[in-house]
Amino acid sequence: MTTTSIDPHRPARPAGVTVAAACPDDFAEVLGHDALEFVAELQRRFGPIRDSLLAERQSVQARLDSGGRLEFRDDTAAVRDADWTVGPIPHDLRDRTVEITGPVDRKMIINALNSGANVFMADFEDSSSPTFANMVEGQINLRDAVRREIEFVHPTTGKQYRLGPNPATLMVRPRGWHLVDKHVLVDGKPVSASLLDFGLFLFHNAAEQLARGTGPYFYLPKLESHREARLWNEVFLFAQQALGLAPGTIKATVLIETITAAFEMDEILHELRQHSVGLNCGRWDYIFSFIKRFRSNPEFVLPDRATVGMDRHFLRSYSQLLIRTCHRRGAQAMGGMAAQIPIKDDAARNEAAMAKVRADKQREARDGHDGTWVAHPGLVEIARAEFDAVRPAAERLQVLREDVAVTADDLLSVPEGSITEAGLRQNLEVGVRYLEAWLRGNGCVPIHDLMEDAATAEISRTQVWQWLRHGARLDDGRTLDAALFRRVLYQEMDRIRAELGDDRFTAGRFELARELFERLIESPELAEFLTITAYPHI
């Protein structure tokens, strides 16, 4: 399969492939016959394995619901004990001091590539709402960015956006294994969103990237086990062979953002060792996963979201274990995202927010991380300064952290703290406002000076479900029951309406967002992902 010599007499779609959405002419450029044939082959080969691995997640959940406990695996102890390293790190990924992340809209891509960050992670996942237009236009935008042809003119201001001379290295995050794309059907079934995003990007851009001295680099989200990493490795091996790429051309960083994956870091690196360059602390999804997997255990009820920071023992243990694991294997240990963003209209509040960012990045740098994430160009130099003040990029892999000895008890240590009405209100407001924006096609939303995405909204959603399920007591002595939940939810809806005004509120999708969020909270079973529940509505 190649991107050249397309026969104009062939049908637009390969046999068995249906695109169940309108396709403007520019969409056809990335949804051509050969590209969709490649995606279909990925789906047919690897879709059934994906399905079995998703079923395994539910088996793990059932065991935990029955009182089971997570431990480091006995059957993979030999992998943890053996001496091995990952493959070589490409030259343009050796310094990843600051990585900026964001959705795949055209203006965002240009600004992120021009931000001064070392790497831009273009995100099809948590910061993008998966409308068909967003996903396909994202592929078009990245194709143009790879070729340095991307431009954007703001429709109202007329401001022009173009790439500068030294753009950041591009990495791409496809959607997670749990998601499908309902708009592309292979043999009558929706395609894996992971395989669609990965397949389209690789098919259209790998050769061009290699010709320009870089390569196809990916972030892999929400893996739950080393077997899920093995599936990605098999996908990589097949895709490289099919497209005539040398083995090991694809490089990937895995986000450790599930509690189960934290017990299999060595094993995940080992499965991907030919293709792996590192692991990343996906802290917000990690907290969400911690709540979700221990949903049935009242001993795992977490306090207010705002009090669960990276200084808490279970999170600090996980991040330090990641550093030790990665550096022992010659892989990079990437830090996570501070949620704060610059505040333009209040100098005092802005300085307080930036102080939190500096403290977060200083902690990561001193612990031994190789780099970190930011969500806004205004944070790039703040983060860089904290890392460069500790040690140069070339020396970071040498910080082996042999002093770290993390046990299962450390990873499962539940933080103490209060559950407050203010914390409840924050969760309800964030959950509804984020979901409303997501339903309108916006997956990355600033709310009260914090950048919220699907991961942070999931914390808000699962915390309230957990509190309600276990009859949590607020710090004022009240028990959170269904009546209190509904009363506060509807008060928050009234407050949002008053803040935004009737016109904006009515023009939005707030009532649907409230209905979905209320249903998710009051359901006797915790839904795995709010985005799966909401997906039929976009």
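## Salt bridges, cavities and burial in a predicted model

The model contains 62 salt bridges, a salt bridge being a side-chain nitrogen of Lys or Arg within 4 Å of a carboxyl oxygen of Asp or Glu. This is a predicted model, in which local features need pLDDT of at least 70 and side-chain atom pairs count only at pLDDT 80 or more, while totals for chains, interfaces and linings use all residues. Residues are numbered from 1 along each chain as its sequence is written, and side-chain values use heavy atoms, with hydrogens and water left out.

### Overall form

The protein chain has 20 helices and 15 strands. Helices (H or I, at least four residues) and strands (E, at least two) are DSSP runs, numbered from the N terminus. The C-alpha trace of the protein chain spans about 70 × 60 × 50 Å along its principal axes. For 538 residues, a compact globule would have a radius of gyration near 24 Å, and the 23 Å of the protein chain agrees with this. The radius of gyration is taken over C-alpha atoms, and the globule rule is 2.2 Å times the number of residues to the power 0.38.

Of the 538 residues of the protein chain, 59% count as buried. Buried means under 20% relative accessible area, exposed means over 50%, and partly exposed lies in between (1.4 Å probe, protein chains only). Helix H10 illustrates burial: ten of its eleven residues are buried, so H10 is largely enclosed by the rest of the structure. Among the buried residues of H10 are Arg283, Asp285, Phe288, Ser289 and Lys292.

### Selected salt bridges

| Pair | Distance |
|---|---|
| Arg69 and Glu71 | 2.6 Å |
| Arg106 and Asp144 | 2.9 Å |
| Arg295 and Glu528 | 2.7 Å |

In the pair of Glu71 and Arg69, Glu71 is partly exposed, with a relative accessible area of 43%, and Arg69 is partly exposed as well, at 38%.

Arg106 and Asp144 meet through their side chains in a salt bridge. This pair links distant parts of the chain, with Arg106 in helix H4 (residues 106-113) and Asp144 in helix H5, 38 residues apart. Asp144 counts as buried, at 10% relative accessibility.

Arg295 lies in the loop between helix H10 (283-293) and helix H11 (313-328), and Glu528 in the loop between helix H19 (510-522) and helix H20 (530-534), so the pair ties together parts that are 233 residues apart in sequence. Arg295 is buried, with a relative accessible area of 6%, and Glu528 is buried, with 17%.

Salt bridges that share partners also join Glu421, Arg425, Glu429, Arg433, Asp476, Arg478, Glu492, Arg495 and Glu499 into one network. Arg433, a member of this network, is found in helix H15 (residues 421-439). Arg433 is buried, with a relative accessible area of 16%. The C-alpha atoms of Arg433 and Gln241 are separated by 45 Å, and these residues are 192 residues apart along the chain.

The structure holds two cavities of 30 Å³ or more. On a 1 Å grid over the protein atoms alone, a cavity is a set of points where a 1.4 Å probe fits but cannot get out, and lining residues have an atom within 4 Å of a point. Grid points are joined across faces, edges and corners, and a volume is the space filled by probe spheres set on the points.

The lining of the largest cavity divides into six nonpolar, one polar and two charged residues. Here Ala, Val, Leu, Ile, Met, Phe, Trp, Tyr, Cys and Pro count as nonpolar, Asp, Glu, Lys and Arg as charged, and the others, Gly among them, as polar.

The second largest cavity holds about 40 Å³ of space. It is lined by Lys222, Glu224, Glu257, Thr258, Asp285, Phe288, Ser289, Lys292 and Phe529. These lining residues divide into two nonpolar, two polar and five charged.

### Cysteines

A search of the whole structure finds zero disulfides, a disulfide being a pair of cysteine sulfur atoms within 2.5 Å. Cys326 is in no disulfide, and the nearest cysteine sulfur, that of Cys281, is 8.2 Å away. Cys326 counts as buried, at 0% relative accessibility, whereas Cys23 counts as partly exposed, at 29%.

Note on methods:
1 Å grid on protein atoms, 1.4 Å probe; cavity = no way out; pocket = protein on both sides within 12 Å on 5 of 7 lines; lining within 4 Å.
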